[in-house]
Amino acid sequence: VLQIVKESQQQHGLRHGDFQRYRGYCSRRLRRLRKTLNFKMGNRHKFTGKKVTEEILSDNRYLLLILMDAERAWSYAMQLKQEANTEPRKRFHLLSRLRKAVKHAEELERLCESNRVDAKTKLEAQAYMAYLTGMLRFEHQEWKAAMEAFNKCKTIYEKLANAFTEEQAVLYNQRVEEISPNIRYCAYNIGDQSAMNELMQMRLRSGGTEGLLAEKLEALITQTRAKQAATMSEVEWRGRTVPVKIDKVRIFLLGLADNEAAIAQAENEETKERLFESLLSECRDAIQAVREELKPDQKQREHSLENDSGKVSNIQYLHSYLTAIKLSTAIKRNESMATSLQKALLQQQRSDEDGKRSPRPQDLIRLYDIILQNLVELTQLPGLEEDKNFQKEIGLKTLVYKAYRCFFIAQSYVLVKKWSEALVLYERVLKYAREVQSGAGAHRNSLKELPDVQDLITQVNAEKYSLQAAAILDANDPHETESPSQVKDGKPLSERFETFCLDPSLVSKQVSLVHFPPGFQPIPCKPLFFDLALNHVAFPPLEDKVEQKAKSGLTGYIKGIFGFKS
């Protein structure tokens, strides 16, 4: 049962969470099964209900009918669950479809009690029915009944996993892992407080919960922090205590330490990135809540500035505190991304594998630019302009990140063989690193979280020697200047047939074969003829002919009429 269900789900939409597509597949498969088994429910004019009984269990496809009915109802319920976030009325339809799925699962379990069904299928039918029952009770918030059903399902699948080979047990163990968070959640709601910590660890290991538990666990965490926030009234930052009256800010500050601990314990970069994004989102919501309090309090803050000789109000200082948390978290996230990119860049240099786009030093330069911008915003926060220690710490951090940015700019110049520019930038890196070492003094504790500049100095010294060697080899290489492949004269292939050249552009998409369109060339024009002799020709006199025609004009005309001849 479980293998059929999982294969159908993975192949028809559930890999991408498309429950509507899976429901359509179940309907089509039901129609095909009924047609094949000649088990139709009447005709197009009249419905005649039929039930699968033990007497007609001559083919295992009759059991598939019941299973597909249950899967179709379950997939529709999950589709409605997604839509119920925006349309709460659909929750009633969701519960109705889940009840229908449980009804079909009970019928499947009853049919599997027949002697024609083997023991493994009987156990799987019982586990399937317990799973759907647990989901229905979970939606009804009947925690004890849901926990009993899930435990029954878990027990059956664990026994099945132990009874078969490792390859067959993988599917059962996956289902056990799916329902374990639901069992813990039910236990917490019943009153087991220790289940909360286990849920948090499951959430951390899995990189985010799925299914029924996803939204409920987030709501549970928020609810737990809200209870603790009732006792929180103030927060201390950089020697100043500020009262906290906004509930959303209290909840965020209480969960800050837990979120940071979860980020530190994250097993992979994907989970760490997701936790960073979640923390930044919560921080932005808290800052927005403080901003809404700042707007009506504008006049009061201006009055407090006058009375306190420039000292910012408590709400403004709280806003600065939250903004500092947001900027610091963004810096840590970008630094984590930079560290992973550096590892990928180092592995690429060792392996030199072709394939997908590999990381480049330019990617790291962009990350360090964002970090430096965040540090500039930290120095401009209201209430911290006069804090010399804070400004000194930010100045030292800025020098550290400037050194790393210069280092990767130099690396990008090395790739294009600009040796002198790269050498100057390496010297600038050493200058920044020495400034950090000389000015660290009393601020070493604040620099512990930053990358070690001593390692950077060692790496830069090694890179300088490699750069100098590469520059000397590049300058002494005669083929570098004499090879026609290094001379970019812009001539197309048709004009350099007599010159051998290893031109890689000939196998690219923008190959230069001929000049197109061709250039203009001079050609002779069509000749023009002018008759200049006509002006010098003397024509013969015609006066006698003109006079004779004048004399015989009228007379000749009259004679011609009457027929006289001259």
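What relative accessibility does R137 have, and does R137 count as buried or as partly exposed?

Reply: R137 counts as partly exposed, at 29% relative accessibility; buried means under 20% relative accessible area, exposed over 50%, and partly exposed in between, with a 1.4 Å probe and protein chains only. The model is predicted, so that local features need pLDDT of at least 70 and side-chain atom pairs count only at pLDDT 80 or more, whereas totals for chains, interfaces and linings use all residues. Residues are numbered from 1 along each chain as its sequence is written, and side-chain values use heavy atoms, with hydrogens and water left out.

The side chain of R137 meets that of E142 in a salt bridge, at 3.2 Å from N to O; the term requires a side-chain nitrogen of Lys or Arg within 4 Å of a carboxyl oxygen of Asp or Glu. E142 is likewise partly exposed, at 33%. Q141 is found in the loop between α5 and α6 (143-163), where the helices are DSSP runs of H or I with at least four residues, strands being runs of E with at least two, numbered from the N terminus. Q141 is not a glycine, yet has a positive phi of about 60°. Most residues other than glycine have a negative phi. The relative accessible area of Q141 is 48%, so this residue is partly exposed.

The packing of helix α5 comes next. Two packed helices are described by the angle between their axes and the distance between the axes. For helix α5 (residues 119-139) and helix α7 (residues 166-190), the axes come within 12 Å and cross at roughly 30°; each axis is a line fitted to C-alpha atoms over the stretch in contact, and angles run from 0 to 180 degrees between N-to-C directions. Helix α5 is therefore roughly parallel to α7, since angles under 35 degrees take that name, those over 145 count as roughly antiparallel, 65 to 115 as roughly perpendicular and the rest as oblique. The crossing of α5 past α7 is left-handed, meaning that the near helix is turned anticlockwise from the far one by less than a right angle, with clockwise giving right-handed.

From α5, the residues K120, E124, Y131 and F138 meet Y172, R175, E178, I179, N182, Y185 and C186 of α7, contact being heavy atoms within 4.5 Å. The residues of this contact divide into 6 nonpolar, 1 polar and 4 charged; Ala, Val, Leu, Ile, Met, Phe, Trp, Tyr, Cys and Pro count as nonpolar, Asp, Glu, Lys and Arg as charged, and the others, Gly among them, as polar.

S114 counts as buried, at 8% relative accessibility. Leaving aside neighbours within four places in sequence, S114 is in contact with E54, L57 and K122.

For context, the whole structure holds 13 salt bridges. One of them pairs D59 with R61 at 2.7 Å, N to O, and R61 is partly exposed at 30%. In another, the closest N and O atoms of K464 and E427 are 2.7 Å apart. Because K464 lies in helix α17 (residues 453-476) and E427 in helix α16 (residues 419-440), this pair ties together parts that are 37 residues apart in sequence. K464 counts as buried at 15%, whereas E427 is partly exposed at 37%. Salt bridges that share partners also join K6, R175 and E178 into one network.
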